[in-house]
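Trainee: Could we go through this model term by term, setting each value against its definition?

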Amino acid sequence: MKYVKYAQKAVDKLSAIQPDFREKFDTDNYASWFYNQSSETLKLYSDDKEIYFLYIPVGTFSQNTNTWMWAWANEDSVEPRKFRTLKIKELGEKKKYENLINAHFDGDKYTGWELTSIAFDIIGGIGTYRVISDHLEVYFLLTEQISKEEVEKIESELIECSAHGKLRKAFICQHLNTEYKTGFEEAFDTYRGMELNEDDDLQAWCEECERERLKTDGWSDESMEFAKIKLVCERCYFAIKEFNLNAKKH
């Protein structure tokens, strides 16, 4: 299927669904909005009411330069779930759709909604939303409505990283770093932007810690003392993981 035909099909699909979403949640009748990249939550509010959603960032369109940028390519964004949009790029590479492959390209006033429609088709959600800040249009896939208490719980579990700001927490042994390779063992397979169960945390340790752990068939007081687990942010965690799995040993 040619890109133009596919894009129109996606736009038609979202156009059929979006009015019901807007009516159900009354999204047109809130005076203000606020989105928090750290918790990936969108708040719509007026003096007498408010509503919250979890979101996946899709991308941004600059009215100044008439250019689009996919969320996965936005290095200024700290949103973990932006990497979900790599599924769109994967389809683009398979179908040779340049607009889904290129990180940044020229567009027009319809580009944002077209690409958000495609994102909705590939990733899904309960609806979409756009905010405009100065000259920048920011597009979201909304995945579920959540309560204020749930938002506060998400935000309470974030940590403040001096390099990356507020992000989800992760735990690593004292030996893991981005200066020399130590090996990288995980509690379970992880990827950027993944959803975690309530009881799960990102956890990793080096090869030496793994040897100590295996001596006692699991974590013990001795192996924990050797590891000296420390707290880092999610972005630091994946930077360390990628370094250790991809760098040559020094």
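This is a predicted model: local features need pLDDT of at least 70, side-chain atom pairs count only at pLDDT 80 or more; totals for chains, interfaces and linings use all residues.

Trainee: How many helices and strands does the chain have?

Mentor: The chain has eight helices and 12 strands, where helices (H or I, at least four residues) and strands (E, at least two) are DSSP runs numbered from the N terminus. Its C-alpha atoms fill a box of roughly 60 × 45 × 30 Å along the principal axes.

Trainee: Why is S62 called buried?

Mentor: Buried means under 20% relative accessible area, exposed means over 50%, and partly exposed lies in between, with a 1.4 Å probe and protein chains only; S62 has 9% relative accessibility, so the residue counts as buried. S62 belongs to strand 3 (residues 49-62) and, leaving aside residues up to four places away in sequence, touches T67, H135 and L136, a contact being heavy atoms within 4.5 Å. Over the chain, buried residues make up 43% of the 250 residues.

Trainee: What makes R81 and E40 a salt bridge?

Mentor: A salt bridge requires a side-chain nitrogen of Lys or Arg within 4 Å of a carboxyl oxygen of Asp or Glu, and the closest N and O atoms of R81 and E40 are 3.8 Å apart. R81 lies in the loop between strand 4 (67-70) and helix 2 (86-95), and E40 in the loop between strand 1 (32-36) and strand 2 (41-46), so the pair ties together parts that are 41 residues apart in sequence. R81 is buried at 6% relative accessibility, and E40 is buried at 7%.

Trainee: Where do E210 and R213 sit relative to each other?

Mentor: Both are in helix 6 (residues 207-215), three residues apart, and therefore separated by about one helical turn. The structure holds 13 salt bridges.

Trainee: How do you know that C173 is in no disulfide?

Mentor: A disulfide is a pair of cysteine sulfur atoms within 2.5 Å, and a search of the whole structure finds zero of them. For C173, the nearest cysteine sulfur, that of C209, is 3.8 Å away. The sulfur of C206 is 3.7 Å from its closest cysteine sulfur, in C209, and is therefore too far for a bond. C173 is buried at 0% relative accessibility, as is C206 at 1%.

Trainee: What is the volume of the largest pocket, and which residues line the pocket nearest its centre?

Mentor: On a 1 Å grid over the protein atoms alone, a pocket is an open set of points where a 1.4 Å probe fits, with protein on both sides within 12 Å along at least five of seven lines, and lining residues have an atom within 4 Å of a point. The largest pocket has a volume of about 780 Å³, and of its 24 lining residues I154, E157, R168, E195 and L196 lie nearest its centre. Strand 7 (136-146), helix 5 (148-156) and strand 9 (165-172) each supply at least two lining residues.

Terms used
Residues are numbered from 1 along each chain as its sequence is written. Side-chain values use heavy atoms; hydrogens and water are left out. Grid points are joined across faces, edges and corners, and a volume is the space filled by probe spheres set on the points.
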